[in-house]
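Open the model in your viewer and keep the selection panel at hand. This tour goes stop by stop, from a sheet to pockets, cavities and loops.

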Amino acid sequence: MVLDLRSDTVTQPTAAMRDAMAAAPVGDDVFGDDPTINALQERVAAMTGKEAALIASSGTQTNLLALLSHCQRGEEYLVGQEYHTYRYEAGGAAVLGGIVPQPFEVETDGTLDLAAVERRIKPDDPHFPITRLLALENTHTGKLIPQAYMERARKLVDKHGLKLHLDGARIANAAVASGSSLAELAAPFDSVSICFSKGLGTPIGSVLVGDRTFIARAHRWRKMLGGGMRQAGIVAAAMDYALDHHIERLAEDHANAKKLAAGLSQLDGLDVEPAQTNMVYVNFSSADNAKKVSEYLRKHDIIVGTSQRMRLVTHLGIPATTIDQIVSSFANALKVL
């Protein structure tokens with residue numbers, strides 16, 4: 001059995017999920033005729049307390065649809081340097097939408113300094129882009145963002161007439177870790193992007209939620225970007241299955257991550273950051289050591305990254321019974337450095 005800890009995107013659909021996909025009633029979603037997609041969108045909208053929802057192929061696309069729908073060309077969104085909507089999604093908002101990012105350093109807890117954010121909101125002056133949106137994340141690098149912080153962000157954007165978007169790729173992890181509902185976590189936001197192909201274990205698919213007017217704009221942008229998927233009810237069926245069977249089990253991933261962090265923290269040569277959800281960050285004394293450990297582990301059927309600050313992600317494909325094996329393999333790898 002190969003254990004792949006690089007990301008929770010490497011999961012394979014379960015046999016039961018595949019059965020649900022195969023049996024899904026489908027239609028042409030571009031015409032609005034796919035019953036499985038329509039039902040899923042209504043369900044996710046209700047679960048998040050929003051008026052409407054829109055399925056798309058990926059979290060990158062749902063985030064992009066949100067930015068394009070909130071902002072016009074020459075307008076600006078405020079965002080963290082390490083947030084996906086700025087760093088990891090190929091600059092799509094700027095390239096395709098002419099939207100200007102105003103990035104900020106991310107605090108150690110995954111938040112932005114809201115006082116610094118407020119200072120960078122542009123005045124009404126033709127020299128500057130028009131500030132339109134604040135984009136946040138939850139979770140960020142596995143860290144759970146306190147809801148009280150999100151409420152403060154809401155007050156800030158209301159004060160300045162801005163909109164608030166959440167990259168909630170792993171909002172289900174945040175819900176399980178915090179004991180809150182999806183609707184409670186989504187409440188402060190005008191839009192939320194939810195990815196199903198990470199901890200929820202589907203092979204593809206994300207959903208964007210917001211009010212009906214916003215989702216109508218996003219729907220038009222999705223068409224323009226080539227995101228219309230015809231008989232995609234087979235995708236929606238996997239996502240619907242995940243809602244029924246893969247949310248509560250995220251607690252297992254969190255427990256496995258904490259057990260993994262505890263075990264690795266006993267090893268010399270590693271600085272292990274505490275795990276809050278399903279991610280463990282391990283810091284090596286050098287990039288060369290990280291690479292050598294990665295190479296050793298791969299030879300023993302454990303796949304990890306090669307960064308000096310190495311991310312290990314627990315998910316559907318990492319059973320609790322394998323955690324001790326992973327710790328032992330790290331210990332053996334460190335011995336041969």
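Helices (H or I, at least four residues) and strands (E, at least two) are DSSP runs, numbered from the N terminus. Residues are numbered from 1 along each chain as its sequence is written, and side-chain values use heavy atoms, with hydrogens and water left out. This is a predicted model: local features need pLDDT of at least 70, side-chain atom pairs count only at pLDDT 80 or more, and totals for chains, interfaces and linings use all residues.

**Stop 1: the loop between strand 5 and helix 7**

Select T141. T141 sits in the loop between strand 5 and helix 7. Strand 5 covers 130-137 and helix 7 covers 147-160. Check the backbone: phi of T141 is near 45°, a positive value in a residue other than glycine. Most residues other than glycine have a negative phi, and most peptide bonds are trans. T141 counts as partly exposed because its relative accessible area is 25% (buried is under 20%, exposed over 50%, partly exposed in between; 1.4 Å probe, protein chains only).

Step back to T139, which lies in that loop between strand 5 and helix 7. A cis peptide bond joins N138 and T139, with omega about 0°.

**Stop 2: the largest pocket**

On a 1 Å grid over the protein atoms alone, a pocket is an open set of points with protein on both sides within 12 Å along at least five of seven lines; a cavity is a set where a 1.4 Å probe fits but cannot get out; lining residues have an atom within 4 Å of a point. The volume of the largest pocket is about 570 Å³. Volume here is the space filled by probe spheres set on the points, with grid points joined across faces, edges and corners.

What is the make-up of the lining of the largest pocket by class? It has 10 charged, 10 polar and six nonpolar residues. Ala, Val, Leu, Ile, Met, Phe, Trp, Tyr, Cys and Pro count as nonpolar, Asp, Glu, Lys and Arg as charged, and the others, Gly among them, as polar. Strand 12 gives the most to the lining of the largest pocket, with three residues.

**Stop 3**

Follow strand 12 into its sheet. Three strands form an open, antiparallel sheet in the order 9-10-12 (two strands pair if DSSP finds at least two bridges between them). Strand 9 (270-272) and strand 12 (309-313) are the edges, each pairing on one side only. The twist averages 30° from one strand to the next. Axes are lines fitted to C-alpha atoms, for helices over the stretch in contact, and angles run from 0 to 180 degrees between N-to-C directions.

Now show helix 12 (residues 250-264). Helix 12 packs on the sheet and touches strand 9, strand 10 and strand 12; contact means heavy atoms within 4.5 Å. The direction of helix 12 makes about 20° with that of strand 10. Strand 9 and strand 10 (residues 279-284) pair over three bridges. V272 has V282 in strand 10 as its bridge partner.

**Stop 4**

Select helix 8 (residues 171-178). Its buried residues are I171, A172, N173, A174 and A175. Their cover includes strand 6, helix 9, strand 7 and helix 12. G179 follows helix 8, with a positive phi near 75°.

The structure holds two cavities of 30 Å³ or more.

**Stop 5**

End at H300, in the loop between helix 13 (287-299) and strand 11 (302-303). The C-alpha atoms of H300 and I326 are 9.8 Å apart, though 26 residues separate them along the chain. D301 is found in the loop between helix 13 and strand 11. D301 has a positive phi of about 65° although it is not a glycine. D301 counts as partly exposed, at 39% relative accessibility.
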